[in-house]
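Colleague: I'm new to this one. Could you walk me through how to read a few of its features?

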Amino acid sequence: MEELVYTSICQNNGLIIFDALGESEMQTGLRLYEDLLDHSTAIGRAGYCSFHKIKSKQMLIAALRMVQTECRSGVLFPVLHFECHGDPEGICLPASNEYV
């Protein structure tokens, strides 16, 4: 039987966390950011992870536009992580009672 070989090339150079959880919820997005910040600093990748606390539709759109600009310039190739709740209406933003 031949050996199975799997090769993966991942060229991301950043992780961006968009946290839209309510204040009364477990702040898992912030916890994830803090853990990854410690780890990335320890392995010499300071600045790999960034965190955006999203409180309104306008804030989310502005943050995504900023990411889009960096991606188009060829500077950033991120993994996007959304820490939020959704339903058929979209992503819920409890701080502003909006959906995206």
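This is a predicted model: local features need pLDDT of at least 70, side-chain atom pairs count only at pLDDT 80 or more; totals for chains, interfaces and linings use all residues.

Colleague: Where is the place of asparagine 97?

Modeller: Look in the loop between strand E5 (90-93) and strand E6 (98-99). The backbone there deserves a glance too. Most residues other than glycine have a negative phi. Asparagine 97, though, has a positive phi, near 60°.

Colleague: Okay, on to charges. How many salt bridges does the structure hold?

Modeller: The general idea is that side chains of opposite charge can pair when their charged atoms come close. Here you'll find three salt bridges. In one of them, aspartate 19 meets lysine 53, at 3.5 Å from N to O. That pair links distant parts of the chain, 34 residues apart: aspartate 19 belongs to strand E1 (residues 14-19) and lysine 53 to strand E2 (residues 49-53).

Colleague: Is aspartate 19 buried or exposed?

Modeller: Buried, because its relative accessibility is 0% and the cut-off for buried is under 20%.

Colleague: And which residue forms a salt bridge with glutamate 23?

Modeller: That's lysine 55, with the closest N and O atoms 3.6 Å apart. Glutamate 23 sits in the loop between E1 and helix H1 (28-42), and lysine 55 in the loop between E2 and helix H2 (57-72), so the pair ties together parts 32 residues apart in sequence. Glutamate 23 is exposed at 59% relative accessible area, while lysine 55 is partly exposed at 40%.

Colleague: What about aspartate 35 and arginine 31?

Modeller: Their side chains form a salt bridge too, 3.2 Å from N to O. Both residues are in helix H1, four residues apart, which is about one turn of the helix. Arginine 31 is exposed, at 53% relative accessibility, and aspartate 35 is partly exposed, at 41%.

Colleague: Last topic: cysteines. How many disulfides are there?

Modeller: The test is whether two cysteine sulfur atoms lie within 2.5 Å. By that rule the count is zero. Take cysteine 92: the closest cysteine sulfur, in cysteine 84, is 8.7 Å from its own, so that is too far for a bond.

Colleague: And cysteine 49, is it buried or exposed?

Modeller: Cysteine 49 is buried, with a relative accessible area of 5%.

Conventions
Residues are numbered from 1 along each chain as its sequence is written. Side-chain values use heavy atoms; hydrogens and water are left out. A salt bridge is a side-chain nitrogen of Lys or Arg within 4 Å of a carboxyl oxygen of Asp or Glu. Helices (H or I, at least four residues) and strands (E, at least two) are DSSP runs, numbered from the N terminus. Buried means under 20% relative accessible area, exposed over 50%, partly exposed in between (1.4 Å probe, protein chains only).
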